[in-house]
Amino acid sequence: MVHAVVAAAEASTNPLIPEWSDLIWAALCFVVVVVFFVWKFIPSFTKLLDDRAAAIEGNIAKADEAQNKAEALLEQYTAQLADARSEAASIKEQAREEGKRIVAEQKEQAAIEAARVTQAAQAQIEAERKQAATQLRSEVGTLAIDLASGVIGETLKDDAKAAGIVDRFLAELEASEGKAGAQA
């Protein structure tokens, strides 16, 4: 056995470097394993990676499409909201103007009604004043005739004559009141 170790020591100078035959067999096994991997595993692995990349790209495209749709809907809703706010403002302004118009109409109608009531009241007061003046004139005339009858001692039954005397007396009385009012 010593002989085999010595022969081995002489044949190879470096124990770390294998023999050529070992290197060829190792290289051949390595090439067979690499060819097997390239033929069987790499295509399926490449297909798996391609499928995954396509799925990711498809999902990204779907997400982009969904985001674009969402942005379009957001713009549409924003435009609708702006339109609704604008319409609400115009309706509010129309209602405000309508309210002002109604208030103005009501004020005008109230003023007309107040003027009518005032005019009716003044007409009634004037009618009552004339009635009172006529009634007062009649009573004053009757009293004056009775007083004059008592003073003169004769009855003044002649209505035309009595009415003339009463009217003249009242005219003189009004004239004297008018002069006194003008002097004051």
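Tutor: Let us begin with helices: a helix here is a DSSP run of H or I with at least four residues, and helices are numbered from the N terminus. Please keep in mind that this is a predicted model.

Student: How many helices and strands does the protein chain have?

Tutor: The protein chain has three helices and zero strands. Read from the N terminus, the order of its elements is α-α-α. Helix α2 covers residues 20-152.

Student: Where do Phe37 and Phe41 lie, and how many residues apart are they?

Tutor: Both belong to helix α2, and they are four residues apart, which is about one turn of the helix.

Student: What does the record say about residues 23-42?

Tutor: The unreviewed UniProt entry annotates residues 23-42 as "transmembrane region". Such annotations may be inferred rather than shown by experiment. In the model this span is 100% helix and 0% strand, and the C-alpha atoms at its ends lie 26 Å apart.

Student: Next, accessibility. What share of the residues in the protein chain is buried?

Tutor: The term comes first: a residue is buried if its relative accessible area is under 20%, exposed if it is over 50%, and partly exposed in between. Of the 184 residues in the protein chain, 4% are buried. The chain has an accessible surface of about 16,000 Å², and carbon and sulfur atoms account for 64% of that surface.

Student: Which residues form a nonpolar patch on the surface?

Tutor: The patch consists of Phe30, Val31, Val33, Val34, Val35, Phe36, Phe37, Val38, Trp39, Phe41 and Ile42. Together these residues have about 1,100 Å² of accessible area.

Student: Why does Phe37 count as partly exposed?

Tutor: Phe37 counts as partly exposed because its relative accessibility is 40%, and that class takes in values between 20% and 50%. Phe36 is also partly exposed, at 40%. Phe41 has a relative accessible area of 43% and is therefore partly exposed.

Student: How many aromatic pairs are there?

Tutor: Two rings pair if their centres lie within 6.5 Å, and the angle between the planes then gives the kind of pair. By this rule there are two aromatic pairs. One of them joins Phe36 and Phe41: the centres are 5.9 Å apart and the planes are at 80°, an edge-to-face arrangement. For Phe37 and Phe41, the centres are 4.9 Å apart and the planes are at 35°, so this pair is tilted. Phe36, Phe37 and Phe41 make up one aromatic cluster.

Student: What lies over the face of Trp39?

Tutor: It is Lys40, which sits 5.0 Å from the ring centre of Trp39.

Student: Let us turn to charged side chains. How many salt bridges does a search of the whole structure find?

Tutor: A salt bridge requires a side-chain nitrogen of Lys or Arg within 4 Å of a carboxyl oxygen of Asp or Glu. The search finds seven salt bridges. One of them joins Asp51 and Lys47, whose closest N and O atoms are 3.6 Å apart. Asp51 and Lys47 are separated by about one helical turn because they are four residues apart in helix α2.

Student: Are Asp51 and Lys47 exposed or partly exposed?

Tutor: Asp51 is partly exposed, with a relative accessible area of 44%, whereas Lys47 is exposed, at 54%.

Student: Which residues are linked in a network of salt bridges?

Tutor: The network links Glu98, Arg101 and Glu105. Between Glu98 and Arg101 the N to O distance is 2.1 Å, and between Arg101 and Glu105 it is 2.3 Å. Glu98 and Arg101 are three residues apart in helix α2, about one turn of the helix. Arg101 and Glu105 are four residues apart in helix α2, again about one turn of the helix.

Student: What are the relative accessible areas of Glu98 and Arg101?

Tutor: Glu98 has 35% and is partly exposed; Arg101 has 38% and is partly exposed. Glu105, at 34% relative accessibility, counts as partly exposed too.

Methods. Residues numbered from 1 in each chain as written. Predicted model: local features only at pLDDT ≥ 70, side-chain atom pairs only at ≥ 80, totals over all residues. Heavy atoms only, no water. Patch = residues over 30% accessible without salt bridge, like charges linked within 9 Å, V, L, I, M, F, W, Y side chains within 5 Å. Areas by Shrake-Rupley, 256 points an atom, 1.4 Å probe, with all protein chains shown as cover. Helix = DSSP H or I, 4+ residues; strand = E, 2+ residues; numbered from the N terminus. Buried < 20%, exposed > 50% of the residue type's maximum accessible area, 1.4 Å probe, protein only. Phe/Tyr/Trp six-rings, centres within 6.5 Å; stacked < 30°, edge-to-face > 60°. Lys NZ or Arg CZ within 6 Å of the ring centre and 35° of its normal.
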